[in-house]
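I am opening a notebook on a structure that is new to me. These entries keep to what I looked up in it, one topic at a time.

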Amino acid sequence: MTGPGSVAAGALELLAGRGQSLAVAESLTGGLVAGALTAVPGASRAFRGSITAYATELKRELLGVDGALLTARGAVDGEVARQMAAGVRRVLGADWGIATTGVAGPEPQDGQPVGTVFVAVQGPDGAGAVRRLAFAGDRDHIRQDTIDAVLALLLSELTENMRAQDTEQHGGNGCLQP
């Protein structure tokens, strides 16, 4: 699998196969992650929807990101990304939530240089991850790299979650027990 379309398709296929759903919280990508997901035929089998919380106060008001955290660290922060993913999962009633926040430019934001990005995934049973990334290039490249990164993180977490479930169900070695 290569490219965001095939990664999105792979993630959506895994989710649909499990009967699970996905919601997206976006800031710097402004709806582009949701666009990449909904470009996949049959996305509605797993994709619930998205919230584009571009303004900092919307992260708090719509997604439940801690206001004190936003005041202390700003919107470009790993914990903010994690809370965005958890919040969209809760608000839209999805099994999995993903989030993007960062600085696409042209100016630094919240003390962070252009190209600083955080992506997060939150799933059922505490599954999840946050990644801090540093991208180079213009605004369009940073946003595209962010889409690729959050979809790759989602697919990785889904695959890891699947392996963990298989291990729990089949005796710890990933193989079926007699």
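I take axes as lines fitted to C-alpha atoms, for helices over the stretch in contact, with angles running from 0 to 180 degrees between N-to-C directions. Helices (H or I, at least four residues) and strands (E, at least two) are DSSP runs, numbered from the N terminus. The model is a predicted one, in which local features need pLDDT of at least 70 and side-chain atom pairs count only at pLDDT 80 or more, while totals for chains, interfaces and linings use all residues. Residues are numbered from 1 along each chain as its sequence is written, and side-chain values use heavy atoms, with hydrogens and water left out.

**Entry: two helices.** I looked up helix 3 and helix 5 (residues 78–91), and found that their axes come within 9 Å and cross at roughly 40 degrees. Helix 3 and helix 5 are therefore oblique to each other, since angles under 35 degrees count as roughly parallel, over 145 as roughly antiparallel, 65 to 115 as roughly perpendicular and the rest as oblique. In their contact (heavy atoms within 4.5 Å), helix 3 takes part through K59, L62 and L63, and helix 5 through residues including V80, M84 and V91.

Entry: Which residues does a cis peptide bond join? I found G105 and P106, with omega at about 20 degrees, and P106 sits in the loop between strand 3 and strand 4 (116–122). D110 lies in the loop between strand 3 and strand 4 as well, and D110 has a positive phi of about 50 degrees although it is not a glycine. I noted both because most residues other than glycine have a negative phi, and most peptide bonds are trans.
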